[in-house]
Amino acid sequence: MCGIVGYCGPKAAAPVLLEGLKRLEYRGYDSAGLSVCVDSKVEIFKRAGKIHDLREVVPEDLPGTHGVGHTRWATHGEVTDKNAHPHVSADRNIAVVHNGIIENFSSLRSRLTEEGYVFESDTDSEVIAHLIQKFYQGDLERAVKQALGLLKGTYGVVCMHAGEPGVLVGARHGSPLLLGVGDNEMFLASDVTAVLAHTKQVIHLEDGEVVRVTAADYTATDLRDRKIEKEVETIGWELEEIEKNGYEHYMEKEIFEQPDSIFRAMQGRIDQENATGHLGGLNMSRGELLDVQRVRIIAAGTSYYAGMVGAYVLENMARVPAQAELASEIRYRNPIVERNTVYFAVSQSGETADTLSALRELQRKGARVLGICNVVGSSIPRESDGGVYIHSGPEIAVASTKAFTSQLTAFYLFTLLIARMRDMSLEAGVSFTKELARVPDTVREVLSRADEVRRVAERYYQARNFLFLGRGINYPVALEGALKLKEISYVHAEGYSAAEIKHGPIALINEETPSLFIVPDDGLRDKVISNMKEVKARRGPVIALGVDGDNELADIADDVLFVPKTDELLYPYLMVVPLQLFAYYAALKLGRNVDQPRNLAKSVTVE
Ligand code: M6R
């Protein structure tokens, strides 16, 4: 969603801000702007559209060494120049960039209007600039705190004042903000990618914290002026990881990175000798693990589908009742928290508002919530009671790919751990861990067949409706395949259990609606084949995604793609990769903006 970058230091601020904004593009946005303090004046430049539109209006030699920048993903007010951030106070001395939603903006706006403040935009954020002006008496930090005290909702906010050159004030409540500590220069950003080219030293702000920043120093306090000691953390990501490195798109790069990212997720976590998983961050004793009687998984989007696979594996292998649920639903459902239940909050970004709120609600009710997250230091891992980092490296494309397969890895390892404490024999454990350890190589083999997927995708890319069908553990994979296709190609796609089509969706089948069936060589294979025949009998085009050696598929399906053979429970890894590629190649052929599909944001930090 929206992105923030702020800079103070010795360099000209505008190029630093523009570069930071470029790095934030992947989050999804529809307008951008920046403000730089020049000769005790706040200069503002903003444009609906892309960063290159903004570049065109920012003078190349703009002086000024401190400023703020923003990418906006519209919530209140249309996508226009005037609604883009930064917003300025009526006296034009204060510039503000804001992520989040101010829920009481309407009453604040009415009050400020009555007091004579004139609003230029339709946004909720603009009230912050006017409120700061109202309270300003020569101390920006003080005025920001007074203004924030009146806000209801969420914010990550950075402000500057023309009369205080070289000073930025940032604050966080429900929307991420971090401080990048450089060598005599400081950055404020909503996301580490905006500062990684300059520093790896960062401080994550917590909700309720305010930071006053100059090039050489910072102080962190709460809204009541109590000083807070903050720890500087070193980011483990490298700059190359956020570059395309020769690939045409981040999505393509991230799909092809999966042998490595899956390997990193399992590295040091498979105990071959005892055939079990080793997960140091769970913060659970052996006794507590043994007492687990139920697992519940909360997540959104692709992470939710990974959670559905996780639930299936947990029940099947560890014989522990497990269920995945949408975080957006559970948070308003007044959930019943039972004893000996472990909750997992699964999120690539660690910042998804629904998942974070569900986690907090569950914790309020006494639940133990573990995180399965990628972004180190993000809100969900910081607030959870323990968990697993999946170490995928930065995922930049809006469509999640490598995070999914690494989230699966976290679930397989956790399952192995508790299954081996229960009924799973050493022999069964050894055989499973061997196959699990081979996954990076088998995924590499699947990727080596990408051209076959491209050929099929290029044959079907013009279809306007698609069905993705799978069963058992591959049912969530079908859902994920449909999500991938719809989000980046804008082709309508539905994921269904193959068995369910006769209860309704089969009515959609005709010559123009292709169905992609996932057909592993498991106990449900023959059932899926029957479903395929039902579709064929109604002249629906069929693509089968089967396992090497399954020669019968070619007799039924119009096109067949194959993956190598593996353990029945590990097929989601191998089946999802061709579906990711299928979506990617179809979207390419349709000329879509693959990495930044319309209307979507990388991490959904508002409700
Ligand atoms: O960062 P998260 O994993 O919590 O994000 C959850 C969803 O917003 C995300 O998976 C979304 O559905 C992706 N665009 C899917 O590709």
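In this report, contact means heavy atoms within 4.5 Å. The structure is a predicted model, in which local features need pLDDT of at least 70 and side-chain atom pairs count only at pLDDT 80 or more, while totals for chains, interfaces and linings use all residues. Residues are numbered from 1 along each chain as its sequence is written, and side-chain values use heavy atoms, with hydrogens and water left out.

**Domains**

The protein is divided into domain 1 (3-235), domain 2 (244-445) and domain 3 (449-598), with bounds that come from an automatic or database domain assignment.

Helices (H or I, at least four residues) and strands (E, at least two) are DSSP runs, numbered from the N terminus. Thr 442 lies in helix α15. With a relative accessible area of 6%, Thr 442 is buried; the term buried means under 20% relative accessible area, exposed means over 50%, and partly exposed covers the values in between (1.4 Å probe, protein chains only). Once neighbours within four places in sequence are left aside, Thr 442 is in contact with Pro 564 and Leu 574.

Helix α7 spans residues 258-266, and its buried residues are Gln 258, Pro 259, Ser 261, Ile 262, Ala 265 and Met 266. These buried residues pack against α6 (250-256), β15 (270-271), α13 (402-420), α14 (426-437), α15 (439-447) and α20 (571-589). Just after α7, Gly 268 takes a positive phi of about 75°.

**The ligand site**

A residue is near a molecule if one of its heavy atoms lies within 4 Å of it. Of the 14 residues around the ligand, Ser 303, Ser 347, Ser 349, Thr 352 and Glu 487 come nearest.

| Residue | Protein atom | Ligand atom | Distance |
|---|---|---|---|
| Thr 302 | backbone N or O | oxygen | 3.0 Å |
| Ser 349 | side-chain N or O | oxygen | 2.7 Å |
| Thr 352 | side-chain N or O | oxygen | 2.4 Å |

Taken alone, the ligand exposes 410 Å², and the protein buries 91% of that area; accessible areas come from the Shrake-Rupley method with a 1.4 Å probe. The elements that give two or more residues to the shell around the ligand are α9 (301-318) and α17 (475-489). By residue class, the shell divides into 4 nonpolar, 8 polar and 2 charged residues. In this count Asp, Glu, Lys and Arg are charged, Ala, Val, Leu, Ile, Met, Phe, Trp, Tyr, Cys and Pro are nonpolar, and the others, Gly among them, are polar. Because domain 2 (244-445) and domain 3 (449-598) both give residues to this shell, the ligand lies between them.

**Backbone features in loops**

Two residues other than glycine with a positive phi are Asp 39, with a value near 45°, and Arg 539, with a value near 65°. Asp 39 lies in the loop between β2 (31-38) and β3 (41-48) and is exposed, with a relative accessible area of 74%. Arg 539 is placed in the loop between α18 (525-537) and β25 (542-547); this residue is also exposed, at 60% relative accessible area.

The peptide bond from His 85 to Pro 86 is cis, with omega near 0°. Pro 86 has its place in the loop between β4 (66-72) and β5 (87-88).

Conventions: Polar contact = N/O pair within 3.5 Å; in protein donor to acceptor, adjacent residues only side chain to side chain.
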